[in-house]
Amino acid sequence: MKLMKSWVESANTAATDFPLNNLPCGVFSVGDEPGRCGVAIGDFILDISALEAEGLLKLADQPLFDGPFWNELMEAGPMVWAEFRKQVTAMLVEGASKRWVVEDHLVPMADAVLHLPFIVAEYTDFYSGRHHASNVGTISQGVDDALPQNWLHMPIGYNGRASTVVISGTEVRRPWGQIKGSEFDTPVFAPSRRFDMELEIGAIVGQASTHGQPVTVAEADAMIFGFVLLNDWSARDIQGWEQQPLGPFQGKATATSLSAWIVMKAALEPFRVATPPREVALLPYLVEPGPMLYNIGLEVGLTPEGGAETVVSRTNYAEMYYSAAQLLAHHTSSGCAMNVGDLLGSGTISGAAQDSRGSLLELSWGGKKPFAIAGGVRSFVEDNDTLTLRGAALGNGCRIGFGVCSGKVIAALVDPYAR
């Protein structure tokens with residue numbers, strides 16, 4: 001994929017996450033003004049809400065961008081998504097005839113505050129990375145029982161809380177919860193001591209399905225609007241005590257951080273890759289009709305308070321065992337209806353190498369092998385640490401980037417029930 005040239009000069013460098021090829025969708029505000037929809041282009045944001053209000057962008061008989069979210073465009077369907085990209089590309093391409101009117105609607109990104117780009121309807125987190133699942137299973141149960149019996153046959157997941165999804169940059173408070181360690185005869189209620197992050201990609205459902213009607217993998221792929229970086233914060237000690245027999249609950253209910261920009265699926269088409277060879281044949285309803293993963297390079301940076309960042313992990317979304325389309329198809333297999341704005345977390349993205357593990361649990365091997373960072377060591381996230389996820393698909397002289405997904409962990413409340 002070659003870089004498409006724009007009259008916005010900052011969009012024409014190999015270093016930018018936001019060339020004309022990308023056009024990711026976000027919500028921004030400036031000063032005391034209300035939030036509105038915008039597209040990232042180089043170092044600027046194109047005010048899509050203003051363009052529609054002035055009649056320069058028209059996609060439907062009714063407004064699609066009159067609120068601070070992208071759900072209405074999602075609901076309009078794939079043909080409208082394609083038309084949207086076509087019209088915005090024509091406005092921004094080098095030599096565009098409408099440059100003189102469009103230019104007035106560029107906002108410097110440095111002046112803007114970014115917000116959640118869509119209304120999260122519901123949230124499901126999966127466990128679909130083979131290396132991560134094997135590592136976690138080995139740490140907790142030993143190498144012989146690392147993978148659950150069902151893992152190679154279907155995507156494993158749990159239903160999370162949409163109310164805990166937050167925008168990149170939001171501080172995350174260390175949670176309290178029930179903990180039962182080997183040093184305790186009975187559980188205690190205390191702040192998590194094994195707080196962790198998880199490097200994930202989130203898929204955003206742009207089309208609803210019908211209750212009682214499963215969808216195929218191909219249909220599921222067409223339903224996906226785009227992708228974000230996702231950090232599913234995890235209290236490992238709380239989770240370890242509570243998860244039998246029903247799985248994660250409060251240990252995963254603190255926060256889920258998202259990057260501010262939705263990279264539309266269309267921007268990632270040149271980077272499609274196949275899922276890995278199957279050790280066990282999948283049942284027919286989960287078989288992919290073609291390449292369903294994407295070659296997206298990912299990294300995790302850890303920055304202590306007042307210190308320098310250390311990149312602690314580098315990996316790739318292509319490491320996943322199940323694609324987002326398979327996750328979505330499996331989710332509907334019971335007849336479960338999916339809604340516009342549903343968010344599906346991929347599960348932690350880890351590679352085979354030690355420095356490609358997507359969680360601190362894996363990097364420190366359950367806390368038994370602390371790893372080095374600039375100026376110290378870590379086993380789990382400490383107070384005032386900032387974790388930053390980055391990701392981009394790399395083409396010929398351009399990158400389709402997601403921006404960042406960051407969050408700083410702050411100390412637990414001294415007394416969570418003090419009023």
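1. Basis of the note. The model is predicted, so that local features need pLDDT of at least 70 and side-chain atom pairs count only at pLDDT 80 or more, while totals for chains, interfaces and linings use all residues. Residues are numbered from 1 along each chain as its sequence is written, and side-chain values use heavy atoms, with hydrogens and water left out.

2. The tyrosine pair. Tyr-321 and Tyr-322 form an edge-to-face aromatic pair, 5.1 Å centre to centre with 80° between the planes. Rings of Phe, Tyr and Trp (its six-membered ring) pair if their centres lie within 6.5 Å; planes under 30 degrees apart are stacked, over 60 edge-to-face, and the rest tilted. The charged end of Arg-278 sits over the ring of Tyr-321, 4.4 Å from its centre (the criterion being NZ of Lys or CZ of Arg within 6 Å of the ring centre and within 35 degrees of the ring normal).

3. Other aromatic pairs. The structure holds 12 aromatic pairs. One of them, Phe-195 with Trp-233, is stacked at 5.8 Å centre to centre and 10° between the planes. Because Phe-195 lies in strand 12 (residues 195-196) and Trp-233 in the loop between strand 14 (224-232) and strand 15 (234-235), this pair ties together parts 38 residues apart in sequence. Strands (E, at least two residues) and helices (H or I, at least four) are DSSP runs numbered from the N terminus.

4. Nonpolar cores. The largest nonpolar core has 63 residues, of which Phe-227, Leu-268 and Tyr-317 touch the most other members. Such a core is a set of buried Ala, Val, Leu, Ile, Met, Phe, Trp, Tyr and Cys residues joined through side-chain atoms within 4.5 Å. Helix 8 (residues 324-332) gives the most to this core, with five residues. A second, separate core of 43 residues includes Leu-64, Leu-73, Met-91 and Val-101.

5. Asp-385 counts as buried because its relative accessibility is 1%. The side chain of Asp-385 makes a polar contact with the side chain of Arg-378 at 2.8 Å (a pair of N or O atoms within 3.5 Å; within protein, one must be able to donate a hydrogen and the other to accept it, and residues adjacent in sequence count only if both atoms are side-chain atoms). Glu-299, in strand 20 (residues 297-303), has a side-chain polar contact with the side chain of Arg-390 at 3.0 Å.

Terms used: Buried < 20%, exposed > 50% of the residue type's maximum accessible area, 1.4 Å probe, protein only.
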